[in-house]
Amino acid sequence: MSVLEITGLRKSFLQDAGRTEVLGGVDLVVGEGEFVSLLGPSGSGKSTLLSLIGGLEGPDAGELRIAGELAGSRPGPAAYMPQQAALLPWRTVQGNIELALRIAGREKAEARRLAEEGLQRLGLERYARAYPHVLSGGMQQRISFLRALLSPQPLMLLDEPFGALDALTRQEMQQWLLSLWEQDRRSVLFVTHSIEEALMLSDRILVLSTPPATIVRELQVPFPRPRSEKLWSEPRFGELKAELYAALRSEH
Amino acid sequence: MDSSRLPLRKAPGSGSAAARLRAVWPPLLVLAAMLLVWEAAVRLSSVEAWLVPAPSAIVQDAWDARERLAEHTVATLRLTLLGFAGGTAAGFGLAALLHLLPFVRSGVYPLLVLSQNVPLIALGPLLVVWFGFGLLPKLLLVMLVCFFPVCVAMLGGLRGGEPALERYMRMIGAGRWRRFISLELPGSITHLFSGLKLAASYSVTGAVVAEWIGSEKGLGIFMLLSSKGFKTSLVFAGVAIVVTLSLLLFAAVTEAERLTVRWRPRKEGTE
Ligand SMILES: Nc1ncnc2c1ncn2[C@@H]1O[C@H](COP(=O)(O)OP(=O)(O)OP(=O)(O)O)[C@@H](O)[C@H]1O
Ligand SMILES: [Mg+2]
């Protein structure tokens with residue numbers, strides 16, 4: 001069974017110029033343990049799509065099912081990692097992780113144990129008692145990712161998680177996330193602007209058109225796992241990159 | 001990929017006690033110098049003691065009247081603290097309630113902001129008409145001056161959260177009450193403290209004025225009677241005590257904030 005199943009999804013917003021249709025019939029599926037990237041021009045409705053999955057808004061038409069359940073029927077159906085780390089500044093690193101786990105329904109003691117173990121496993125235990133403002137941007141995103149990783153939901157939504165980082169940190173974070181994900185194989189829907197990032201991380205890539213957005217291109221990423229930065233120099237990598245670039249370009 | 005390459009940034013402005021002491025010295029020196037000049041000026045000129053008494057005379061007279069002064073100070077302090085506690089608690093409670101009822105809030109909030117321009121102290125005589133000369137009208141006056149700054153600051157703070165945090169909390173399924181407790185309340189705590197500081201400054205003044213309106217005890221009535229009896233040195237002593245109480249209450253709120261708000265890099269200090 002697929003973890004996420006979206007069919008015929010439409011969504012429009014009332015803007016000053018009248019009603020604009022942002023999503024114009026989107027179909028997509030994320031399988032169990034699959035890493036799917038969503039590429040699309042700015043304003044194509046990627047964050048809107050995630051809001052609909054999270055149940056923050058209702059669709060105008062179409063259906064979203066997370067692990068078989070209709071979106072909106074249960075709060076917080078997916079773990080979430082936004083572009084800004086979204087750590088509560090008044091909670092320590094561990095406190096932030098525990099809160100997310102508590103909201104997801106874990107018992108207090110269990111949330112504590114999971115947070116401690118998670119930080120330890122990733123070698124981040126010395127940040128456990130630190131407040132977010134003393135951490136660098138990259139470190140905040142690690143905590144934010146760990147928090148999503150530890151959440152019990154079957155699906156993870158990542159909305160441009162490295163978009164605010166500098167190029168070098170961004171590459172480090174990609175490799176870090178890759179190695180972690182390859183151990184865990186959670187189901188992921190990953191939103192990004194970066195073609196290389198999508199190719200490096202994903203099993204499958206979907207390209208979204210400009211609004212009203214539909215999926216205009218679907219690409220199965222052929223590289224075997226575990227992957228590493230060596231991928232960058234492979235000719236096939238360059239070819240696929242050019243292909244995706246062309247698909248995105250034609251959407252502008 | 002090595003996490004030790006991303007070191008903890010040092011929390012700025014972890015101001016030591018020694019540094020704070022160093023900041024306190026210069027103004028204290030200036031104050032002492034001013035008192036000396038005052039003393040000398042009074043002694044060298046022939047100004048009457050009932051007009052401008054010398055600092056030494058003020059201290060002497062205050063010492064002689066220490067028992068009465070202590071009694072009045074206790075009365076004023078009690079009124080101040082009761083009013084401060086009651087007024088700020090009411091302000092906090094109403095702000096929370098209005099925040100959770102957005103429709104009521106949209107009607108009440110503009111009026112609350114407007115009402116800050118009402119000179120509350122002028123309501124004193126009205127309160128006496130309604131509630132007589134007991135503790136109640138005075139307490140209500142102090143509560144009123146403490147209520148508004150806290151209520152308005154809290155309402156602003158509860159609304160002023162970061163949209164990205166709000167979105168995150170909703171996405172992971174945090175309900176209304178959870179967002180209020182875990183996101184909006186802690187997010188407005190610095191606003192709460194700026195409201196509390198205003199209330200602290202107003203509360204002692206409010207108490208003194210309330211005592212002018214009608215009271216047997218308290219620094220307000222003590223200063224009024226001393227002034228009528230040309231015991232100017234005792235008026236000065238009363239003023240000094242009122243200023244000290246004000247400062248102490250303000251310092252207590254500031255210290256409470258310092259102990260509560262640990263997460264934000266402090267603005268003052270070295271960076
Ligand atoms: N609540 C809303 N009300 C009105 N318009 C909205 C709302 N949410 C999104 N939109 C509009 O929908 C469009 C898509 O926005 P969205 O944030 O989903 O794009 P995006 O693909 O995530 O863009 P980016 O890559 O820049 O993050 C934008 O034009 C935006 O103005
Ligand atoms: Mg977006």
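**Terms and basis of the model**

On a 1 Å grid over the protein atoms alone, a pocket is an open set of points with protein on both sides within 12 Å along at least five of seven lines, whereas a cavity is a set of points where a 1.4 Å probe fits but cannot get out; lining residues have an atom within 4 Å of a point. Grid points are joined across faces, edges and corners, and a volume is the space filled by probe spheres set on the points.

This is a predicted model, in which local features need pLDDT of at least 70 and side-chain atom pairs count only at pLDDT 80 or more, while totals for chains, interfaces and linings use all residues. Residues are numbered from 1 along each chain as its sequence is written, chains are lettered from A and ligands numbered from 1 in the order in which they are written, and side-chain values use heavy atoms, with hydrogens and water left out.

**The second largest pocket**

The second largest pocket has 28 lining residues; nearest its centre lie Leu87(A), Pro89(A), Trp90(A), Glu162(B) and Leu165(B). Its volume is about 540 Å³. Two or more lining residues come from each of helix H4 (137-150) of chain A and, in chain B, helices H6 (135-159), H7 (163-171), H8 (176-187) and H9 (189-213). Helices (H or I, at least four residues) and strands (E, at least two) are DSSP runs, numbered from the N terminus.

H8(B) provides the largest share of this lining, 4 residues. By class, the lining has 14 nonpolar, 12 polar and 2 charged residues. Here Ala, Val, Leu, Ile, Met, Phe, Trp, Tyr, Cys and Pro count as nonpolar, Asp, Glu, Lys and Arg as charged, and the others, Gly among them, as polar.

**The cavity in chain B**

The structure holds 1 cavity of 30 Å³ or more. The largest cavity has a volume of about 50 Å³, and its lining consists of Gly124(B), Leu127(B), Val128(B), Pro137(B), Lys138(B), Leu141(B), Ala210(B), Ile213(B) and Gly214(B). The lining comprises 6 nonpolar, 2 polar and 1 charged residues.

**Crossing of two helices in chain B**

The axes of H3 (residues 66-100) and H10 (residues 219-228) of chain B come within 8 Å and cross at roughly 135°, which means that H3(B) is oblique to H10(B). Axes are lines fitted to C-alpha atoms, for helices over the stretch in contact, and angles run from 0 to 180 degrees between N-to-C directions. Angles under 35 degrees count as roughly parallel, over 145 as roughly antiparallel, 65 to 115 as roughly perpendicular and the rest as oblique.

In this contact (heavy atoms within 4.5 Å), H3(B) contributes Arg68(B), Leu69(B), His72(B), Thr73(B) and Thr76(B), and H10(B) contributes Leu219(B), Gly220(B) and Phe222(B).

**Backbone features of chain A**

Most residues other than glycine have a negative phi, and most peptide bonds are trans. Ala86(A), which is not a glycine, has a positive phi of about 55°; this residue lies in the loop between strand S6 (79-81) and helix H2 (93-103) of chain A.

The peptide bond from Pro211(A) to Pro212(A) is cis, with omega near -10°, and Pro212(A) is in the loop between strands S9 (204-208) and S10 (215-220) of chain A. Arg225(A) and Pro226(A) are also joined by a cis peptide bond, with omega about -5°.
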